[in-house]
Every structure is written in C-alpha cells, then in structure tokens.
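Visitor: I would like a close look at one part of this model, the nonpolar core and what surrounds it. Please take me through it step by step.

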Amino acid sequence: MSEPILVDARGHHCPVPTLKLRKAHETAAPGAELVLLATDPMARIDAPHFAGQVGATVLDVTDLDGGIIRIRVRKAP
C-alpha cells in the first residue's frame with residue numbers, strides 16, 4: 001500500500017477542509033488512504049458525510065494536540 005495522502009486544512013473554516021478532501025479524493029487511486037488535518041470542528045461532521053456520499057470509508061477520527069482533528073478516509077477500491 002502506498003503512503004497516505006495528506007490533506008492539510010488546518011486554519012481553514014467550513015467548507016474548505018471538505019473541499020480540499022474532495023479534491024484529493026478525486027485524484028487519488030482506488031483504495032488510497034487520505035488523511036485530513038483540520039482545526040474546524042465542523043470537519044467532524046462534514047468529512048464523514050462527504051465520505052458517505054462518495055462510498056469512501058472513514059477509518060477513524062482522532063483528536064491530536066493543538067486542537068487538530070485527524071480524519072482518516074479510505075477511497076473505495
């Protein structure tokens with residue numbers, strides 16, 4: 001498996017984190033893992049909703065230091 005695709009949306013507000021995730025998802029290979037880093041709490045809702053719309057799987061949502069939210073998503077194969 002290849003390295004995860006990092007989508008750094010720290011400091012951006014809704015809807016930018018999800019838009020960045022969408023753009024990365026569009027160009028990612030099937031089965032690729034994408035890691036969204038966000039500071040906007042709405043990303044907890046918006047990113048999983050987006051994943052559900054495109055058939056991707058949310059692997060986990062984790063709180064990191066500094067108010068950073070990490071959301072790992074796997075693109076459908």
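Guide: A residue counts as buried when its relative accessible area is under 20%. Leu36 has 0% relative accessibility and therefore counts as buried. The model is a predicted one, and Leu36 sits in its strand 2.

The protein has two helices and four strands, and read from the N terminus the order of its elements is β-α-β-α-β-β. The radius of gyration is 11 Å, which agrees with the value near 11 Å for a compact globule of 77 residues. The C-alpha trace spans about 30 × 20 × 15 Å along its principal axes. Of the 77 residues, 36% count as buried. Where contacts join residues at least 6 apart in sequence, 64% of them join residues at least 24 apart.

The largest nonpolar core has 17 residues; those touching the most other members are Val7, Leu21, Leu34, Leu36, Ala47, Ile71 and Val73. Two or more residues of this core come from each of strand 1 (5-9), helix 1 (16-27), strand 2 (33-38), helix 2 (43-54) and strand 4 (68-74). With four residues, helix 2 contributes the most. In soluble globular proteins, nonpolar side chains tend to be buried together.

Back to Leu36. Leaving aside residues up to four places away in sequence, Leu36 touches Val7, Ala9, Pro17, Leu21, Ala47, Ile69, Arg70 and Ile71. A further pair gives a sense of distance: Leu36 and Gly67 are 31 residues apart in sequence, and their C-alpha atoms are 13 Å apart in space.

Leu21, one of the residues that Leu36 touches, has its own set of contacts. With residues up to four places away in sequence again not counted, Leu21 touches Val7, Leu34, Leu36, Ala47, Phe50 and Val73. Val7 and Ala47 are among the contacts of Leu21, and Val7 and Ala47 are also among those of Leu36.

Thr18, in helix 1, also touches Ala47, along with Asp46 and Phe50, when residues up to four places away in sequence are not counted. Thr18 has 12% relative accessibility, so Thr18 counts as buried. From Thr18 to Ala38 there are 20 residues in sequence, and 9.4 Å in space from C-alpha to C-alpha.

Pro15 is placed in the loop between strand 1 and helix 1, and the peptide bond from Cys14 to Pro15 is cis, with omega near 10°.

Last, the surface and the charges. The protein exposes about 4,500 Å², of which carbon and sulfur atoms supply 57%. There are 9 positive and 9 negative charges, and the mean positions of these two sets are 5 Å apart.

Notes. Residues are numbered from 1 along each chain as its sequence is written. This is a predicted model: local features need pLDDT of at least 70, side-chain atom pairs count only at pLDDT 80 or more; totals for chains, interfaces and linings use all residues. Side-chain values use heavy atoms; hydrogens and water are left out. The radius of gyration is taken over C-alpha atoms; the globule rule is 2.2 Å times the number of residues to the power 0.38. Buried means under 20% relative accessible area, exposed over 50%, partly exposed in between (1.4 Å probe, protein chains only). Contact means heavy atoms within 4.5 Å. Accessible areas come from the Shrake-Rupley method with a 1.4 Å probe; for residues, only the protein chains shown count as cover. Lys and Arg count as positive and Asp and Glu as negative; His and the chain ends are not counted. The place of a charge is taken as NZ of Lys, CZ of Arg, CG of Asp or CD of Glu. A nonpolar core is a set of buried Ala, Val, Leu, Ile, Met, Phe, Trp, Tyr and Cys residues joined through side-chain atoms within 4.5 Å.
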